Amino acid sequence: MTESRFSSILKKVYLIFILIFLYLPIGTLIVLSFNKSKSMSVWTGFTTSWYSDMFRNSQIMEAIWNTFSIAIVSATIATIVGTLACAGLMAMSKRSKNVLMGLNNIPLLNADIVIGISLMMTFLVFGISLSWGTVLLSHVTFGIPYVILSVLPKFKQLTPNAYEAALDLGATPAYAFRKVVLPDIRPGIVSGFLLAFTMSVDDFVITHFTRGAGINTISTLIYSQVKVGIRPTLFALSTIIFVVVLIILVAANFISNKNGNEAN
């Protein structure tokens, strides 16, 4: 066996091992969501009853609504604020930009538990009751840095003086931004929105410290049920979320590839 062939086989084995390591737990969860038994170690037959039970469970439905409503609204606000912040950063001096980017990166490197406790104490100090709204504000707070990191590189790739040229030709600032700047930074905006959305849906620690009584997201609901045993309805919920995310990613990649081919 030649060295190159051995290296190729080794790479394939390594890739298969990584895929098994990543997706075997998810596959196990999907299988358990169709198990008639509540036990995670005994298979007693195939059923879809856990899915129907999930949709009839008001607590789960409320957690789903809270999770995705907060994620969509917070990601939208974070995207708008982050994009405007990038526009402001581009107008600053290099020194000021570096200082602000350093401050922007601190929440990314800081531990979630520190951010969660800090936000909770801030709300309590100012007399703000913990609720759906405080979770939303918290998610906007940690979503903005991710948007800035996604959008700022696109601003740096803009054609120099193209915006000013559009103004000189009679375009209004809003029209020039929409027609000249926005098309070039749109991929960064979309990436920033998706990243902020994903981080919001995935978050547990910050949500746990800033939610009010009776406010649950999917992650906090699962955590609260770990103490008494995870019900199969949560396996069904996790399976549906996995399938939905997979469909969104496939569709996003398809649209991205289609746009890239049209551009070429």
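**View 1. Helices H3 and H8 cross in the predicted model.** The axes of helix H3 (residues 58-90) and helix H8 (residues 173-202) approach within 8 Å, at a crossing angle of roughly 145°. The H3 and H8 crossing is right-handed.

**View 2. Residues at the contact of H3 with H8.** H3 contributes Thr-67, Phe-68, Ile-70, Ala-71, Ile-72, Ser-74, Ala-75, Thr-76, Thr-79 and Thr-83. From H8 come Ile-185, Ile-189, Gly-192, Phe-193, Ala-196, Phe-197, Ser-200 and Val-201. Sorted by class, the contact of H3 with H8 holds eleven nonpolar and seven polar residues, and no charged residues.

**View 3. The kink in helix H8.** H8 bends by about 60° at Leu-182, shortly before the proline Pro-183. The end C-alpha atoms of this helix of 30 residues are only 37 Å apart. A straight helix would reach 44 Å at 1.5 Å a residue, and H8 falls short of that.

**View 4. Buried residues of helix H8.** Ala-176, Val-181, Ile-185, Gly-188, Ile-189, Gly-192, Ala-196, Phe-197 and Ser-200 are the buried residues of H8. Their cover includes H3, helix H6 (132-156) and helix H7 (162-168). An α-helix has 3.6 residues a turn, so residues three or four places apart point the same way.

View 5. Phe-197 is buried. Leaving aside residues up to four places away in sequence, Phe-197 touches Phe-68, Ala-71, Ile-72 and Ala-75. Phe-197 and Ser-8 are 189 residues apart along the chain, with 38 Å between their C-alpha atoms.

**View 6. Pro-153 in helix H6.** Pro-153 has a relative accessible area of 35% and is therefore partly exposed. From Pro-153 to Ala-85 the C-alpha to C-alpha distance is 13 Å, with the two residues 68 apart in sequence.

How values were computed. Residues are numbered from 1 along each chain as its sequence is written. This is a predicted model: local features need pLDDT of at least 70, side-chain atom pairs count only at pLDDT 80 or more; totals for chains, interfaces and linings use all residues. Side-chain values use heavy atoms; hydrogens and water are left out. Axes are lines fitted to C-alpha atoms, for helices over the stretch in contact, and angles run from 0 to 180 degrees between N-to-C directions. Helices (H or I, at least four residues) and strands (E, at least two) are DSSP runs, numbered from the N terminus. A crossing is left-handed if the near helix is turned anticlockwise from the far one by less than a right angle, and right-handed if clockwise. Contact means heavy atoms within 4.5 Å. Ala, Val, Leu, Ile, Met, Phe, Trp, Tyr, Cys and Pro count as nonpolar, Asp, Glu, Lys and Arg as charged, and the others, Gly among them, as polar. The expected span of a helix is 1.5 Å times one less than its number of residues. The bend at a residue is the angle between axes fitted to the seven residues ending there and the seven starting there. Buried means under 20% relative accessible area, exposed over 50%, partly exposed in between (1.4 Å probe, protein chains only).
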